[in-house]
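Hi everyone, thanks for making time. Let's get it up on the screen.

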Amino acid sequence: MEQGSLQQPAESAAATQLMSIALLRQELADLMQVQGYRVLKPPDEVIAFLGRIQGDTETTFEEISRRFSAHNYTASLKEQPGGGQQLVAIKGRLERQPGGILVNVTLFFVTLLSVLYIGAMHGLSDAGIEIGEAAGPEALFLPLRYIHLGLPFAGTLLGILLAHELSHYFVARRYGSPVSLPYFIPMPLPPMGTMGAVIVQRAPMRNRKAIFDIGVAGPLGGLIVAIPLLILGLSLSKVGPPPPDVKTALQEGNSLLYLIIKYLMFGKILPSNGEDVWLHSVAFAAWAGLLVTMINLIPIGQLDGGHISYALLGERARKLGYFVIVAMLLWGGWMLTHGNEAGGFWLTWGFLNMVLNQRHPPPLDDATRIDGRRLALGLLVLLIFIFTFIPAPLREVRFG
């Protein structure tokens, strides 16, 4: 009796496995030339079919996904090193319902207050009111008394960040990706009052085309808003030597794009000959928007640049990401050893990405390649990264 009771479940599991394999193979009969299969997680939780997709991989994979979903399976496809494809059937359907928005809205309003506070600090400088003249707690509360002065800075910076993140969001929704609304990250410290925002992807992306389009949308959307606001801010700024009463200042770094825009507006390379542009708060916020664009275009992990590089290179993008992380750490260390505190920025970003953001997860369909139009746009985005790259983002300079 005991021997029979143990044998029956084993036979039942084997029968279930064979039935599932036969059922899925039947669905693949006209879509894939199946040459073999492997059970990766018994009895029928994860089954891999090896062979060749018939016809266009993107169209065929969509049909396979539809058929597998009817049997409570999720399909995943990738190329095999020796040719052909591996199609993996994973038991269960992906949850594609976005979550609630209470946390998103709360974080946005906290970030708004944080950026308004820091913006008021910049606004006080625009108005000629020096916080340094206040003492003790009064220096902390002074920006609160003039919180309205933070509106130009906050409106500019949050406008750029919203354009960036909502561009991601709406393109992702067009692909049916279950993404969250942006989670803004408040940080009530200079120079920006925020660490930006992130969108959470609750399931793997559909294919490399989706990865590319979602990744490229944010930087382009943010840049379209940032450049006009930078021009507006620079028109409100002043060019000249440091004021006599200013002993230290936070100097923003130059990118090629920023350098060109300043040259077109002021007719000179700045800083030079003891002169620089003394930024209005709108200009500084727009410059920060360019910095955010540059950071996001770094080709690592799940940064926007990581999305784009994975869409173009596949798994080879991981090696590029490792190389870039090492380059950031070496560049940051070299700058610090040569007395430029901007190196701390690169060391921080290098270590964060090394610990938290080394790899990009594959999409469900990792076999479909991107087309020539997206490849051309990828080269354009590479140029944007080159023109927005800031070797030394922020450093303190002393006068006199």
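Let's start with E62. This is a predicted model, by the way. E62 is partly exposed, at 34% relative accessible area. And which residue does E62 pair with in a salt bridge? That's R206, with the closest N and O atoms 3.1 Å apart. Now look at where the two sit: R206 is in the loop between β6 (194-198) and α6 (208-235), while E62 is in helix α2 (residues 57-70), so this pair ties together parts that are 144 residues apart in sequence. R206 itself counts as buried, since its relative accessibility is 18% and the cut-off for buried is under 20%.

Okay, staying in helix α2, we've got E63 and R66, 3 residues apart, which is about one helical turn. Their side chains meet in a salt bridge too, at 2.5 Å from N to O. E63 is partly exposed at 23% relative accessibility, whereas R66, at 53%, counts as exposed.

Next up, R374 and D213. This salt bridge comes in at 2.8 Å, N to O. R374 belongs to helix α12 (residues 372-388) and D213 to helix α6, so here the pair links parts 161 residues apart in sequence. Are these two buried or exposed? R374 is buried, with 8% relative accessible area, and D213 is buried as well, at 12%.

Notes:
Residues numbered from 1 in each chain as written. Predicted model: local features only at pLDDT ≥ 70, side-chain atom pairs only at ≥ 80, totals over all residues. Heavy atoms only, no water. Salt bridge = Lys/Arg side-chain N within 4 Å of Asp/Glu carboxyl O. Helix = DSSP H or I, 4+ residues; strand = E, 2+ residues; numbered from the N terminus. Buried < 20%, exposed > 50% of the residue type's maximum accessible area, 1.4 Å probe, protein only.
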